[in-house]
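A short report follows the display.

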Amino acid sequence: MTTAASRFREFKMPDVGEGLTEAEILKWYVQPGDTVTDGQVVCEVETAKAAVELPIPYDGVVHELRFPEGTTVDVGEVIISVDVDPGSGPADAAQPQTAQPAAEEPAAKDSAGSAAPAEPSGRQPVLVGYGVSEASTKRRPRKGGAGRDQAAGQAAAAVQSELNGHSGTAGADRPLAKPPVRKLAKDLGVDLASVTPTGPDGIITREDVHAAAAPAPAASAPAAEAQPVAAAPVAGDARETRVPIKGVRKATAAAMVGSAFTAPHVTEFVTVDVTRTMRLVEELKADKDMAGLRINPLLLVAKALLVAIRRNPGINASWDEAAQEIVLKHYVNLGIAAATPRGLIVPNIKDAHAKTLPELAAALAELVATAREGKTTPAAMQGGTVTITNVGVFGVDTGTPILNPGESAILAVGAIKLQPWVHKGKVKPRHVTTLALSFDHRLVDGELGSKVLADLAAILEQPKRLITWA
């Protein structure tokens, strides 16, 4: 006989990065009733680092999707359940759907997914602190013996009484919200007591808090004042639009603030004639050994930087505050800043120092394509040592880039333009660009930083040094 515990398998939101606490469900690829197989991608989620596709580790039929698209879910929360033995009978007989009324629920599940005995009439199992409603079926009893079951039942009765407006106990007016939502409300200055909950069982969600934090549009008539904020139309001439800070943008903002106020930045600049480098780009495009590869100035800048690092290895390091040590890296994981619809990300090319020019070109092309498709994995953005940001693609001459956290240097490449330049004693139109190198002054002094930038400029001015210095 198939039991509920063996028949239904629950898949929880995993930590797809290192230490991540939540992720937003961007898109479901399956719906209840769909057949799935082990390893099939069922949804796409966005973490604080990247968008990631999640495969299901079971064969079976999708029974329930616990959260809709656009919901931010804590790591460890069940997001989907799968009926792994659909031939044994109707699904509702073993595990009721979320939408079923509580009165129709024959049994509740414990946290392991097994069936638990039905509670006595008038008492529902409850996850303490979240409460129940008359139509609730999703909450499960806590693990433990009869003592815990009794405590849970008492808590359920108290919360139910509170929801009905009859509780006189302390904390009866405390709004229902998870700890991350409470923190969000505190950060935004929102009183949870004033928020209208839309989540299951009357729980306040992140979206509720953001809606409460957004300014309400001015009412044009007294009748409009009685409408809830969420229902009020947005005026066509609105002077402000508020966008929730989450996902990649939130992580990037926190990282940049931490970097800017932790590592003392120094930025140096050099303007260089890259006419010969541009000629080399055209020659490589016609080289049969480079056929099928994307050849551009960024590729040669990256290779030149790797050569400069080889000649000045002290630039490739990190500062370990806890151990009070400078960590010299004998490898280069070269980061490339990429602008995506979800924000700025910095994936890196692992062991870029060991790659030939064709290998570097292939890795760079793959990195850019993956970033544009939004498929960059968290692992691809970890462990970087030095970064390049190409602001020249936007027509910008240069900038003062902020270090990627944990790295010692970042190079900004400006736009390459034809400019009047003194060449061999005569003013001629030459391809010129400005490079800016920011570095952590705790471990890179002015001499070392200047040597790296000077070497880089010399290679780009005379690219034959790529061969002689490599």
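A salt bridge is a side-chain nitrogen of Lys or Arg within 4 Å of a carboxyl oxygen of Asp or Glu. The structure holds 11 of these salt bridges. This is a predicted model, in which local features need pLDDT of at least 70, side-chain atom pairs count only at pLDDT 80 or more, and totals for chains, interfaces and linings use all residues. Residues are numbered from 1 along each chain as its sequence is written, and side-chain values use heavy atoms, with hydrogens and water left out.

| Salt bridge | Closest N and O atoms |
|---|---|
| R7 with D83 | 2.8 Å |
| K375 with E44 | 3.7 Å |
| K375 with E53 | 3.1 Å |

K375 lies in the loop between α8 and β18 and E53 in strand β5 (residues 51-55), so this pair ties together parts that are 322 residues apart in sequence. Helices (H or I, at least four residues) and strands (E, at least two) are DSSP runs, numbered from the N terminus. Buried means under 20% relative accessible area, exposed over 50%, partly exposed in between (1.4 Å probe, protein chains only). K375 is partly exposed at 32% relative accessibility. E53 is partly exposed at 35%, whereas E44 is buried at 9%. R7 is buried at 4%. D83 is buried at 4%.

Next, helix α8. G374 follows α8 with a positive phi near 75°.

Now the cores. A nonpolar core is a set of buried Ala, Val, Leu, Ile, Met, Phe, Trp, Tyr and Cys residues joined through side-chain atoms within 4.5 Å. The largest has 48 residues, and L305, L334, I388, L411 and L435 have the most contacts inside it. α7 gives the most to this core, with 11 residues. A second, separate core of 21 residues includes F11, A23, V45 and V52.
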